Amino acid sequence: MKIAVLGGGNGSFAAAGEFALSGHEVRLWRRDADQVAAHRAAGSRILVKDHNGRHDLKLALVTTDMAEAVGGAELILCPAPAFAQPDIARLLAPHLRDGQVVFLPPATFGSMIFAQAARDSGNRAKASFAETGTLPWLTRKHGPFEVAITIRAKRLPVGVFPLDQASHAIEVIGRAFPGVIEPCGDALSGALMNAGPIIHPPLIVMNAGPIEHFEKWDIHKEGTQAAIRRVTDALDAERIAVREALGYGAPHFPLAHHYAKEGEIWMYGRGSHDRLTDSGDWRERIVLTEHRYMREDLRLGLSLLVSVAAMAGVATPLARAFLAIGGGICGEDFAQGGRTLEALGIGNLGKTELQTLLRKGF
């Protein structure tokens, strides 16, 4: 199939390499003209390293032209950080056509941002927007055109906007990720599967001292201790309570299953945490005031959770606490702005009205 990948980060390179490895026609779009020129000069190739070795692959296209990238593509995949979504959504909006599926893994309810951008541009194409709970790969770039894939997802719960188009969207995404996709309802259900705002805020806030002391620190290895895991589980319980209050059923993909040796298989499968820490790729420098763990997962992810929880009548004391502490670290008021229902322009909707919007679209 023809797939467009938007972005130039770890996830975008993993996606482009993975799809090329699977025999799809892959077009990679990036905003940085110099990086695109360099990639083209290198033959538009990408090197993927995984447990099966090294794979030298050629992409069909590397471009800064959004229309060229997405024209005729069945699937448009954008794994860019949530804070980059509004700009990319505005660039993509005029070019969407009937039947195209925009997949955001994960998205912090970014499906609503992309759908709103299409509406605001005057584009009435019957496109659909979907999001899931995590990036489909545990991955890191090892060079300008080289990416290492440590783990591939085993289960990806996917929510679709509008829900009435879910059967088509799931079929298209399923061809790119065979045997992995699990429909979980509407886009808000997909957003409330996002693991990033649950795993990363406790790890960066409760490890703030060593993160700033050491040149590099692995928050998933030395930073994942029993006390922090207990807090993570309690924060995850707030997420699950919100899902249940909104009528979303199990499985809720509790983060505890990511660490467990037995029981229900989580998104990355059994033993994924150990393989992540063994790789050494997550021993890295984290600038707390700038890193996406703070700017995407904590500020945007937890502000969304708190906002939806308030609408659903669920208390989220830990999510609110991490927003307050994260804001203190950055010298900002994270309680203001962020990705709330109000910021998305749907804060005036009650539960029933919101569910109707999620089902039928604009």
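User: Which residues form one aromatic cluster?

Analyst: Phe19, Phe103, Trp137 and Phe177. Bear in mind that this is a predicted model.

User: How many aromatic pairs are there by the ring-centre rule?

Analyst: The count is seven.

User: Why is the pair of Trp137 and Phe177 called tilted?

Analyst: The ring centres are 5.8 Å apart, and a pair needs centres within 6.5 Å. The planes stand at 45°. Stacked requires under 30 degrees and edge-to-face over 60, so this pair is tilted.

User: What parts of the chain does the pair link?

Analyst: Distant ones: Trp137 is in strand β9, while Phe177 is in the loop between α6 and β12. The two residues are 40 residues apart.

User: Is Trp137 buried or exposed, and why?

Analyst: Buried, because its relative accessibility is 2% and the cut-off is under 20%. Phe177, with 8%, is buried too.

User: What makes Lys141 count as a charge over a ring?

Analyst: Lys141 lies over the face of Phe13, at 4.1 Å from the ring centre; the limit is within 6 Å. Arg119 lies over the face of Phe362, at 4.3 Å.

User: What does Leu188 touch?

Analyst: Its contacts include Phe109, Tyr248 and Leu354, leaving aside residues up to four places away in sequence.

Note on methods:
Residues are numbered from 1 along each chain as its sequence is written. This is a predicted model: local features need pLDDT of at least 70, side-chain atom pairs count only at pLDDT 80 or more; totals for chains, interfaces and linings use all residues. Side-chain values use heavy atoms; hydrogens and water are left out. Rings of Phe, Tyr and Trp (its six-membered ring) pair if their centres lie within 6.5 Å; planes under 30 degrees apart count as stacked, over 60 as edge-to-face and the rest as tilted. Helices (H or I, at least four residues) and strands (E, at least two) are DSSP runs, numbered from the N terminus. Buried means under 20% relative accessible area, exposed over 50%, partly exposed in between (1.4 Å probe, protein chains only). A charge sits over a ring if NZ of Lys or CZ of Arg is within 6 Å of the ring centre and within 35 degrees of the ring normal. Contact means heavy atoms within 4.5 Å.
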